[in-house]
Amino acid sequence: MAFLSYLQPARDLFFKQNDPQGAEAALIPIMEQPKSVAEKRATSELMGLVLRSQKKFSPAIRLYDKMHDAYQAGYCAMLQGDLSQVQQHWSKLLAERQNHWCIHLYGMITQQLRTYPSLFQIRNHIESDIANLIAAGRTDYLENVLSYIDFLSQINLESPKFAGRSLMHCGWLNRAGAFLIQGQKALPNDPEIYFHLGQYSIALQHYPEAKLMLKQCLLISPTYRPASELLENIPTQDSA
């Protein structure tokens, strides 16, 4: 949309240059300008992400409150570790949508899960939740969520893969491997899990194993281009 063009410098600073402070500085004067409802929403959503990335959770909560976004307000409260605020915001949301993902997420972080998320809810949320908890330093909530991966895999067999992939991309290699292997056992014919096992092995500099995993991926899906490209770029000798 045309009105988003004025947000591009801030978006570039945040998403491309990894400069949230610069993005925030660029957004402040824009926030003060008169805008349409759609413009105001787009600007506020970007500012919310920028604030959250800097762990400025209190101003992010206030911003989402103004937007009447109970989920994101409660989400920032969760990342801040303020469960009372989480309950305050998410109870409003649950009054309208009883099976919203927030009830499942809250149950997991508090180790009181009594509900059943859907296959698609798990697919849409669990990876980003793991990454966001890591970024916020909420390892306590993270460990609680990870303790439910076996349960979630009864609903969505890809759950271990989602968890392992997220942990791997966040640099938690010491925890990622077990979940990726669990994902391979759950879905032995899924080419994607072998691709991720290949990535994982490369991160550990276990190049022969990485080649085996990527070749297995291509055996199942010969047109899996990311695997073939990664295989071509593996060092010829094992550095071990």
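Colleague: Is R165 buried or exposed in this model?
Modeller: The model is a predicted one, and the computed relative accessible area of R165 is 11%. Because buried means under 20% relative accessible area, that value places R165 among residues that count as buried.

Colleague: Which residue forms a salt bridge with R165, and which helices hold the two partners?
Modeller: R165 lies in helix 11 (residues 159-169), whereas its partner lies in helix 8, so the pair ties together parts that are 38 residues apart in sequence. The closest N and O atoms of this salt bridge are 2.6 Å apart. The partner of R165 is E127, and the helices, for E127 and R165 in turn, are helix 8 and helix 11.

Colleague: Which residues are linked with E127 and R165 in a network of salt bridges?
Modeller: The pair E127 and R165 belongs to a network of salt bridges, and the count of salt bridges comes to 13. Besides E127 and R165, the network links R123, E158, K161, D190 and E192.

Colleague: Where is D190, and which residues does D190 contact once its neighbours within four places in sequence are left aside?
Modeller: D190 is in the loop between helix 12 (173-186) and helix 13 (191-203), and with a relative accessible area of 14% it is buried. The side chains of D190 and K161 are joined by a polar contact of 2.8 Å. With the neighbours within four places in sequence left aside, the contacts of D190 are E158 and K161.

Colleague: How many residues apart are E143 and R175, whose side chains meet in a salt bridge?
Modeller: The salt bridge between E143 and R175 has an N to O distance of 2.6 Å. E143 counts as partly exposed at 33% relative accessibility, and R175 is also partly exposed, with a relative accessible area of 25%. E143 is in helix 9 (residues 139-146) and R175 in helix 12, a link between distant parts of the chain that are 32 residues apart.

Colleague: Why are D12 and K16 separated by about one helical turn?
Modeller: The side chains of D12 and K16 meet in a salt bridge of 3.6 Å, N to O. At 22% relative accessibility D12 counts as partly exposed, whereas K16, at 67%, counts as exposed. The separation is about one helical turn because, within helix 1 (residues 8-16), D12 and K16 are 4 residues apart.

Definitions and conventions: Residues numbered from 1 in each chain as written. Predicted model: local features only at pLDDT ≥ 70, side-chain atom pairs only at ≥ 80, totals over all residues. Heavy atoms only, no water. Helix = DSSP H or I, 4+ residues; strand = E, 2+ residues; numbered from the N terminus. Buried < 20%, exposed > 50% of the residue type's maximum accessible area, 1.4 Å probe, protein only. Polar contact = N/O pair within 3.5 Å; in protein donor to acceptor, adjacent residues only side chain to side chain. Contact = heavy atoms within 4.5 Å. Salt bridge = Lys/Arg side-chain N within 4 Å of Asp/Glu carboxyl O.
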